[in-house]
Amino acid sequence: MAFAFIIASVALVTSVLAIYPGSFDPITLGHLDIIERGCKLFDQVIVAVLRNPNKTPLFTVPERIEQIRRSTPHLSNLEVDSFDGLTINYAKMRHASALLRGLRVLSDFEMELQMAHTNKTLSAQIETVFLATSNEYSFLSSSLVKEIARFGGAIDHLVPKHVAVDIYQCFAKIPPVSAQTTNLVPTPDHPKTELLIESLPDRET
Ligand code: PNS
């Protein structure tokens with residue numbers, strides 16, 4: 001009994017927890033790429049959605065949390081949570097060892113480095129770990145996705161398919177038929193959701 005307790009305690013102390021903070025308004029395939037790779041690197045990852053009273057997001061925090069959860073049922077060492085205030089305070093509260101951030105292009109680097117240095121002055125124990133975003137998502141951002149959808153463009157290749165449905169519904173747009181969407185025939189009972197989900201192919205992970 002005591003032996004099992006010691007083993008469990010050692011496992012707890014040595015397990016490495018990373019926080020992946022962000023707005024995730026909404027989650028994109030680029031975020032998902034970082035989350036999946038982070039879950040392979042760390043024992044546990046917490047995706048932490050910032051509650052930011054200064055921004056007017058497209059989705060509420062609970063909606064964003066739900067979108068992330070629905071995108072990640074295959075990741076058993078992932079938790080999705082929200083926080084407000086400083087990221088570093090949340091990371092300390094959760095006893096995290098690292099902050100995880102994705103780097104897409106050179107222009108990300110300046111801001112990310114500034115954040116990493118600032119956070120280091122606030123807690124020397126917590127490291128910021130950058131993952132280079134996979135090539136195919138290096139251009140991708142939540143803002144870009146929202147802009148495309150607002151003007152009726154196809155986004156089903158940029159975000160998880162249920163998120164694409166949420167966005168189209170927000171903008172009250174009929175989902176456009178893209179290379180990956182076929183046979184969209186809205187019915188009164190099914191505005192767009194079910195039909196779009198059925199018609200989109202599963203994403204390869
Ligand atoms: O997805 P985003 O918008 O690029 O994420 C930015 C985020 C949430 C990581 C950053 O703005 C942040 O950490 N905000 C919380 C407030 C804070 O800790 N500010 C000091 C950062 S040095």
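Predicted model: local features only at pLDDT ≥ 70, side-chain atom pairs only at ≥ 80, totals over all residues.
Where is the place of phenylalanine 24? Phenylalanine 24 belongs to the loop between β1 and α2.

Strand β1 covers residues 17-22, helix α2 covers residues 29-41, and proline 26 is found in the loop between them. Two features of the backbone deserve attention here. Phenylalanine 24 has a positive phi of about 50°, although this residue is not a glycine.

The discussion now turns to the ligand. The ligand sits in the largest pocket. Around the ligand are the residues Gly22, Ser23, Leu50, Gly85, Leu86, Thr87, Arg101, Met115, Thr118 and Asn119. When this shell is sorted by class, it has 6 polar, 3 nonpolar and 1 charged residues. Helix α5, which runs over residues 106-122, gives the most to the shell, with 3 residues.

Individual side chains can then be followed to oxygen atoms of the ligand. Threonine 87 has a polar side-chain atom that lies 2.6 Å from an oxygen atom of the ligand. For serine 23, a polar side-chain atom lies 2.7 Å from a ligand oxygen atom. In the case of arginine 101, an N or O atom of the side chain is 3.0 Å from an oxygen atom of the ligand. As for the ligand's surface, its accessible area on its own is 540 Å², and the protein covers 69% of that area.

The side chain of serine 141 reaches the backbone nitrogen of leucine 144 at a distance of 3.1 Å. Leaving aside residues up to four places away in sequence, serine 141 touches Thr28 and Arg104.

Notes:
Residues numbered from 1 in each chain as written. Heavy atoms only, no water. Near = heavy atom within 4 Å. Polar contact = N/O pair within 3.5 Å; in protein donor to acceptor, adjacent residues only side chain to side chain. Areas by Shrake-Rupley, 256 points an atom, 1.4 Å probe, with all protein chains shown as cover. 1 Å grid on protein atoms, 1.4 Å probe; cavity = no way out; pocket = protein on both sides within 12 Å on 5 of 7 lines; lining within 4 Å. Sits in = over half its atoms within 2 Å of the grid points. Helix = DSSP H or I, 4+ residues; strand = E, 2+ residues; numbered from the N terminus. Nonpolar A, V, L, I, M, F, W, Y, C, P; charged D, E, K, R; others polar. Contact = heavy atoms within 4.5 Å.
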